[in-house]
Amino acid sequence: MDLEYSPEYQAFRDEVRTFLVENKHKAPNVPSAKNSPKAWQQLLIEHGYAARTIPRQYGGYGAEPDILKTRIIAEEFARARVPPGHSGDNRLVPTVLELGTEEQKKWLVPPSVRGEMTWCQGYSEPGSGSDLASLSTKAELDGDEWVVNGQKIWTSGAQNADMMFCLARTEPDAPKHNGISYLVFSMDTPGIDVRPLVTMTGDAFFNEVFFTDVRVPKEQIVGKRGEGWFVANTTLRYERGGLGDPNEAENRFNRIIDIMRRETVGGERLIDNPVYRDRLLKLQGRILAMKFNGMRVLSHNIKGEEPGMPRWIVKLNGCELNHQMAGLAIDVLGELGLLYDGSPYLRDAGFWQARYMLDLGLVIGGGTAQIQKNMIGERALGLPKEPKVDATA
Amino acid sequence: MDLEYSPEYQAFRDEVRTFLVENKHKAPNVPSAKNSPKAWQQLLIEHGYAARTIPRQYGGYGAEPDILKTRIIAEEFARARVPPGHSGDNRLVPTVLELGTEEQKKWLVPPSVRGEMTWCQGYSEPGSGSDLASLSTKAELDGDEWVVNGQKIWTSGAQNADMMFCLARTEPDAPKHNGISYLVFSMDTPGIDVRPLVTMTGDAFFNEVFFTDVRVPKEQIVGKRGEGWFVANTTLRYERGGLGDPNEAENRFNRIIDIMRRETVGGERLIDNPVYRDRLLKLQGRILAMKFNGMRVLSHNIKGEEPGMPRWIVKLNGCELNHQMAGLAIDVLGELGLLYDGSPYLRDAGFWQARYMLDLGLVIGGGTAQIQKNMIGERALGLPKEPKVDATA
Amino acid sequence: MDFALSEEQRMLQDSIAGYLESGCPLARVREVAEGGAARAEDVWSELANLGVHGVLIAEDYGGVGLGCLEAALIAEALGAAVAPVPYVASAVMAPVALAAAGSDEQKETWLPRMAAGEVVVGVGVSEQIGRRESDGVVARDGALHGKAMFVLDAAEADMLLVASDDGALHLVDPTGSGATRNKLKTIDRTRTVAEIVLDGAGAELLPGSAASREPLRAAIDAGRLVLAADTLGAAQTMLDKAVAYAKERRQFNRVIGSFQAVKHMCAEMAADLEPCRSLVWYAAHAYAAIPEEGRLMACHAKAHLAEVGTFVARKATEVHGGMGITDLLGLHYWFKRIGFNRQLLGAPERVREEAARVQEWV
Amino acid sequence: MDFALSEEQRMLQDSIAGYLESGCPLARVREVAEGGAARAEDVWSELANLGVHGVLIAEDYGGVGLGCLEAALIAEALGAAVAPVPYVASAVMAPVALAAAGSDEQKETWLPRMAAGEVVVGVGVSEQIGRRESDGVVARDGALHGKAMFVLDAAEADMLLVASDDGALHLVDPTGSGATRNKLKTIDRTRTVAEIVLDGAGAELLPGSAASREPLRAAIDAGRLVLAADTLGAAQTMLDKAVAYAKERRQFNRVIGSFQAVKHMCAEMAADLEPCRSLVWYAAHAYAAIPEEGRLMACHAKAHLAEVGTFVARKATEVHGGMGITDLLGLHYWFKRIGFNRQLLGAPERVREEAARVQEWV
């Protein structure tokens with residue numbers, strides 16, 4: 001157990017901190033005419049704090065992958081409350097770099113990295129949620145173009161995205177998993193209809209996207225025709241790479257402690273209520289365990305080892321803990337916890353109710369808790385799959 | 001909502017109480033030469049407090065079924081802490097009365113009712129726990145006798161029982177559920193080997209029973225040959241008829257309250273610990289809900305209505321609540337709760353640890369919680385069964 | 001001995017549920033919720049014709065003079081339909097308080113008009129359960145000073161019933177001088193709560209509440225009972241919707257209800273929820289019929305339904321998968337209603353603590 | 001930055017686990033448990049050769065001078081094998097206390113013999129955590145009065161370390177005059193606890209504990225850590241057994257592990273248990289390396305493992321169906337060991353409350 005950072009990394013952390021002190025006034029969250037997200041992203045790329053491992057010829061910084069430095073960057077940007085940079089799109093860009101043609105790399109990666117080409121993902125369909133491979137959006141070749149028809153759902157950011165990477169069935173006769181291709185096309189292509197999907201929080205974070213005879217040039221397939229399923233799994237693998245604030249759960253927990261020290265009911269501080277306090281402590285134990293589990297996973301990754309079980313359980317536990325934290329915050333706030341929507345006396349701008357619902361959505365979305373448990377049981381514990389049922393059943 | 005008992009039933013309750021006051025000195029739990037279980041049973045039958053609804057010609061009292069009176073008897077015997085009577089065997093006797101031949105009724109019922117013929121059930125097998133119909137004990141006809149070979153497990157009371165009612169496969173070629181017959185035979189029959197099955201509590205409440213060429217007269221089948229599955233389900237239906245103390249859960253809960261008022265830790269009464277108290281109150285809410293649910297089921301039964309959902313959930317919730325009550329009692333007692341086995345300072349004679357383990361056994365045994373949930377989901381909520389997997393899978 | 005609803009009670013519940021099915025569909029709930037209206041006027045007035053407003057008001061005062069069980073059955077139907085009406089305060093808590101502590105004149109003035117659906121009365125008692133953001137409410141020579149938070153069904157209420165720290169109940173005109181009504185917005189847009197700032201607002205004491213806290217307690221008990229019943233109805237609807245969805249939605253070439261994981265979630269919801277019905281029935285029956293148990297049972301009904309409701313709301317949403325969190329099915333209206341019921345008139349931990357005191361454990 | 005075990009630490013754990021697999025199989029555990037012996041002498045002395053007794057004893061005193069993490073790794077292996085040995089008190093708590101508060105002479109007298117496996121030392125501190133059935137322990141001019149309950153590993157211990165109410169630690173000869181040792185029987189027959197009645201029993205104060213409660217607290221922290229690690233090992237074994245059983249047991253023509261209900265029980269056990277390993281590692285590391293966090297982490301490790309252990313013990317038994325509750329598989333030895341670890345040195349609720357005080361929340 002060595003929880004210290006070596007001098008090299010301490011130096012790197014200092015370097016990042018210095019950069020942030022000197023430059024945070026240029027961040028786009030600072031109201032100023034000169035501050036634009038793109039300028040900020042450009043500055044970060046120059047210093048290797050964004051698009052860090054993307055080759056220079058494709059607009060990146062071209063550094064060797066270093067998980068620990070990536071993490072230090074994420075931690076320090078979060079600490080300084082400064083918006084982090086991006087690597088174009090943490091799903092599309094690595095996929096294109098790994099499986100795309102040279103033309104596709106030149107066409108898609110540089111503008112994405114500059115933030116001039118934004119992406120949305122067209123995977124889920126109304127008929128295929130947890131069962132992604134059963135998707136039915138189809139693309140038929142007509143001359144030099146794919147003609148796409150069908151519907152996607154849960155497409156976040158579709159209103160503003162410039163491009164979509166999309167799974168469509170190009171070989172109708174091939175079995176389920178084969179016969180799917182990975183298409184990329186502009187959201188301005190005629191025949192695309194984006195309809196916002198309002199969720200229980202009241203926001204339209206997601207969209208439904210309808211395709212009616214959307215014509216996509218033949219060559220806009222990443223990877224081989226019919227191998228889109230394999231390409232998509234590459235993307236999914238990368239998705240995990242995207243690193244938010246690694247300490248977010250802990251920060252969130254600390255905010256609950258603050259609430260319970262600050263707020264009172266009937267004149268008694270919430271933290272002085274032994275029953276609330278015990279719930280808080282139970283959560284703290286689980287959050288600490290997951291924090292250290294995360295450090296363990298990180299250490300495996302640094303050494304290029306497959307973390308195994310410690311990684312398999314992260315999503316299931318993480319989403320559940322976040323949901324429970326929000327639930328505790330709401331409960332201790334009582335009636336105040338019900339306030340929403342800019343109401344007077346609203347606490348933390350309604351953060352907790354929004355999280356309570358959003359995090360439940362995350363428990364469900366992107367592979368429900370049920371699917372997560374299947375994966376842990378089958379892939380990590382080696383239990384047999386359910387007997388398959390064929391389409392005729 | 002009418003929670004009063006009508007005058008007729010109040011009178012009946014008084015009658016039972018009077019009987020108990022006048023006769024409880026004759027109960028077998030009172031140390032006395034004259035007091036025998038059989039004499040006590042005989043006395044109860046004469047007054048209609050045992051074998052109440054069994055026809056007189058088969059040794060019963062011959063009363064009309066009256067669920068409320070049956071319940072009043074159970075309540076009052078429990079209140080007076082006097083061992084209740086029995087109806088022979090609440091699984092075998094009703095089954096024989098419904099499906100047996102006249103000879104079988106005369107042969108089996110009267111001695112069972114008198115307590116001179118005791119029974120054990122030979123259903124479960126090592127290979128078929130929740131999947132009863134897959135049992136493999138076979139009975140082959142050899143002249144005028146069935147020759148039984150195989151093994152049973154979870155046979156409670158097999159050491160002391162005079163007789164066994166047993167499921168065996170008599171038609172090997174018939175499909176799973178058919179081809180089973182319901183045999184009755186003496187436990188003294190040569191070839192029966194009873195081996196006690198020690199459980200985690202340390203007691204041998206269950207047994208394994210091995211059959212080696214056990215020869216049973218041809219006519220000792222209840223119901224038609226090959227219809228044992230149907231006969232057994234009759235038995236299972238009756239098993240629920242057997243009524244212990246309906247208020248046991250509540251009594252048990254009250255004992256925990258007593259513990260928490262009496263016992264102290266660090267000089268503080270356990271009930272003064274808000275966290276323990278909140279756990280106690282949470283349980284109380286659930287126990288009350290189940291108590292009233294039971295009253296609702298009872299009222300349906302009295303009116304001859306199928307209770308539906310309120311009945312489906314009883315076993316699942318009941319066992320779970322008992323297990324949790326024991327767990328709470330152990331937790332509040334702390335180290336004292338660990339004591340067992342006649343240790344000094346043992347509380348309630350080790351009742352809570354024994355129950356904690358026994359009730360977990362009941363959560364598991366007789367159709368695990370999983371099977372219970374399947375039944376609620378499929379039979380009560382009408383959700384479809386799992387796709388069947390055939391033997392070749 | 002018959003633990004069951006009477007024929008009349010079943011008919012009452014069916015008639016309310018039957019009306020709401022046609023008169024208050026989800027589309028109507030949406031209109032009210034999205035439009036930010038205080039209530040569905042049409043539904044509220046039709047319910048008056050069905051005797052809902054007067055359920056607890058004596059016939060002498062134009063009510064139908066039924067009991068707490070009937071009031072709970074109505075609440076269950078309203079919760080099942082997430083009906084946007086001020087039932088809890090105006091049809092249950094206020095009538096109970098007025099009947100228990102009002103002068104004959106006060107009763108004659110208010111009860112008939114409440115029964116007729118002419119006036120809506122909001123109720124402010126949360127300071128007497130657990131003060132937050134308020135130093136309480138004090139009555140001084142016929143006027144109220146302080147702040148009443150989370151006054152229930154207060155938006156567009158014609159009159160308010162506010163409890164002062166001594167447990168006395170006062171009629172306050174929300175539009176009168178010295179009273180300021182500020183709407184509070186919660187996740188549940190089917191009910192309203194408000195902050196009432198009292199700066200010497202003219203108040204009319206309910207004489208029967210001057211010397212005894214009983215009228216206040218009786219109103220809170222009744223309020224908790226109907227909130228529990230409302231959650232029962234809302235949770236039952238969520239369970240029913242989840243089961244229906246599980247029977248129709250297909251994944252991996254099977255309806256998802258055939259997967260044990262989904263099937264067991266439904267079974268667990270049913271196993272937890274079904275006994276709640278009996279608890280609510282008993283608690284509502286005990287309120288009048290078994291006084292020595294009434295308060296304890298009201299506490300348990302409120303706290304237990306809050307816990308089970310939260311569980312069902314979450315699991316039923318999970319069964320619906322992504323659809324559950326969208327606005328398309330509107331499942332969230334039930335989810336949020338259950339969340340609202342959980343916190344109002346005492347969150348579970350606080351209500352259980354009260355149950356401990358009622359039993360003299362502490 | 002490397003959150004992982006060192007090569008040496010992995011080898012240590014493997015060597016202990018490897019020995020126990022052959023040297024302490026279930027059959028041996030049964031002999032000891034059913035025979036009512038205080039410990040498995042053969043296992044205990046072989047463990048001495050492997051350096052287990054001296055893991056926390058400095059090399060100057062004949063120990064191997066390793067840290068709390070190594071002690072926890074050993075405990076995990078012992079829990080995994082439900083080994084009937086007096087490790088927690090004699091190899092962890094007593095050495096920690098002696099090192100922290102013992103005089104040079106006391107250390108020289110006891111530590112080498114403990115490291116060599118010549119003496120077993122029981123530890124009695126439960127009065128200082130939560131007094132039950134005792135009015136505490138008082139030291140008066142070199143003698144102890146009162147009663148120490150649940151003295152850990154006390155049966156056949158050669159010497160006892162008992163805490164008095166002022167937090168001081170005393171060496172007491174359990175066979176000396178004024179001391180009476182009464183065996184207490186618990187569900188867990190792989191460890192022993194006893195009641196020690198002290199009626200002016202001769203006691204030798206550990207001087208370093210006279211003025212400070214730190215030595216007592218340090219011993220309790222270390223004890224809680226290894227109890228948590230013991231539960232981690234025991235629960236992991238139960239999970240492994242459940243998974244193995246689910247892969248082999250067939251019902252309805254399928255191995256039961258292919259049923260979602262069973263599969264998900266296994267997944268939930270793994271999801272809860274796996275992070276516990278990291279928590280135990282960190283807490284054991286922090287004990288010496290991050291003093292400001294040590295006590296809090298020891299509390300959380302003890303309380304959280306108690307909860308997760310209880311969950312796993314129950315679910316793993318369920319997966320085994322009826323077999324799980326029989327003595328045939330002996331699963332109950334792990335079940336009971338986890339139950340024992342839960343209550344000793346503070347049940348979860350009490351330990352969490354301590355964690356609140358450590359963080360100065362109260």
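Which residues of H7(A) are buried? I started my notebook there. The model is predicted, and I keep that in mind throughout.

**Entry 1: helix H7 of chain A**

I looked up the buried residues of H7(A) and found A:Ala249, A:Phe253, A:Ile256, A:Ile259 and A:Met260. They span an arc of only 110° around the axis, so they sit on the same side of H7(A). I noted the general rule here: an α-helix has 3.6 residues a turn, so residues three or four places apart point the same way.

Next I checked the opposite face. Turned away from the buried side of H7(A) are the exposed residues A:Glu248, A:Asn251, A:Asn254, A:Asp258 and A:Arg262.

Then I asked what covers the buried residues of H7(A). The cover includes helix H8 (274–302) and helix H10 (314–333) of chain A.

I also took the length. H7(A) runs over residues 248–262, which is 15 residues. From first C-alpha to last it reaches 21 Å, close to the 21 Å expected at 1.5 Å a residue.

**Entry 2: helix H8 of chain A**

H8(A) has 29 residues. Its first and last C-alpha atoms are 42 Å apart, close to the 42 Å expected at 1.5 Å a residue.

Is H8(A) largely enclosed or largely open? I count 22 of its 29 residues as buried, so H8(A) is largely enclosed by the rest of the structure. Just after H8(A), I found A:Gly304 with a positive phi of about 70°.

I then looked at how helix H3 (residues 67–79) of chain A meets H8(A). Their axes come within 9 Å and cross at roughly 140°. That angle makes H3(A) oblique to H8(A). On the H3(A) side the contact uses A:Ile67, A:Leu68 and A:Arg71. On the H8(A) side it uses A:Leu298, A:Asn301 and A:Ile302.

**Entry 3: where chain A touches chain D**

I turned to the contact between chains A and D. Chain A gives 41 residues and chain D gives 37 residues. On the chain A side, H8, helix H9 (309–312), H10 and helix H13 (369–380) each supply at least two residues. Which helix gives the largest share of that side? H8(A) does, with 16 residues.

**Entry 4: H10 against H12 in chain A**

I checked H10(A) against helix H12 (residues 351–364) of chain A. The axes come within 8 Å and cross at roughly 155°. This makes H10(A) roughly antiparallel to H12(A). The crossing is left-handed.

I wrote down the contact residues. H10(A) contributes A:Cys319, A:Glu320, A:Asn322, A:His323, A:Ala326, A:Gly327, A:Ala329 and A:Ile330. H12(A) contributes A:Trp352, A:Gln353, A:Arg355, A:Tyr356, A:Asp359, A:Leu360, A:Leu362 and A:Val363.

**Entry 5: H1 against H4 in chain D**

I moved to chain D. The axes of helix H1 (residues 7–23) and helix H4 (residues 68–80) of chain D come within 9 Å and cross at roughly 25°. H1(D) and H4(D) are therefore roughly parallel to each other. Their crossing is right-handed.

From H1(D), I listed D:Gln9, D:Leu12, D:Gln13, D:Ile16, D:Ala17 and D:Leu20. They meet D:Leu69, D:Glu70, D:Leu73, D:Ile74, D:Ala77 and D:Ala80 in H4(D).

I looked up B:Gly85 and found it in the loop between helix H3 (67–79) and helix H4 (92–99) of chain B. Is B:Gly85 buried or exposed? It has 23 C-beta neighbours inside 10 Å, so I count B:Gly85 as buried. Leaving out residues up to four places away in sequence, B:Gly85 touches B:Gln41, B:Leu44, B:Ile45, B:Tyr49 and B:Ala50. B:Val113 is 28 residues from B:Gly85 along the chain, and their C-alpha atoms are separated by 9.6 Å.

D:Ala179 came next, in strand E6 (residues 179–184) of chain D. With 22 C-beta neighbours inside 10 Å, D:Ala179 is buried. Its C-alpha lies 4.9 Å from that of D:Leu198, 19 residues apart along the chain. D:Leu198 is also among the residues that D:Ala179 touches, not counting those up to four places away in sequence.

Last, I checked C:Thr180 in strand E6 (residues 179–184) of chain C. C:Thr180 has 15 C-beta neighbours inside 10 Å, so it counts as partly exposed. C:Glu59 is 121 residues from C:Thr180 in sequence and 34 Å away in space, C-alpha to C-alpha.

Conventions:
Residues are numbered from 1 along each chain as its sequence is written. Chains are lettered from A and ligands numbered from 1 in the order in which they are written. This is a predicted model: local features need pLDDT of at least 70, side-chain atom pairs count only at pLDDT 80 or more; totals for chains, interfaces and linings use all residues. Helices (H or I, at least four residues) and strands (E, at least two) are DSSP runs, numbered from the N terminus. The expected span of a helix is 1.5 Å times one less than its number of residues. A residue is buried if 20 or more other C-beta atoms lie within 10 Å of its own, exposed if 12 or fewer, and partly exposed in between; C-beta atoms are placed from the backbone. The arc is that of the directions from the helix axis to the C-beta atoms. Two residues are in contact if their C-beta atoms, placed from the backbone, lie within 7 Å. Axes are lines fitted to C-alpha atoms, for helices over the stretch in contact, and angles run from 0 to 180 degrees between N-to-C directions. Angles under 35 degrees count as roughly parallel, over 145 as roughly antiparallel, 65 to 115 as roughly perpendicular and the rest as oblique. A crossing is left-handed if the near helix is turned anticlockwise from the far one by less than a right angle, and right-handed if clockwise.
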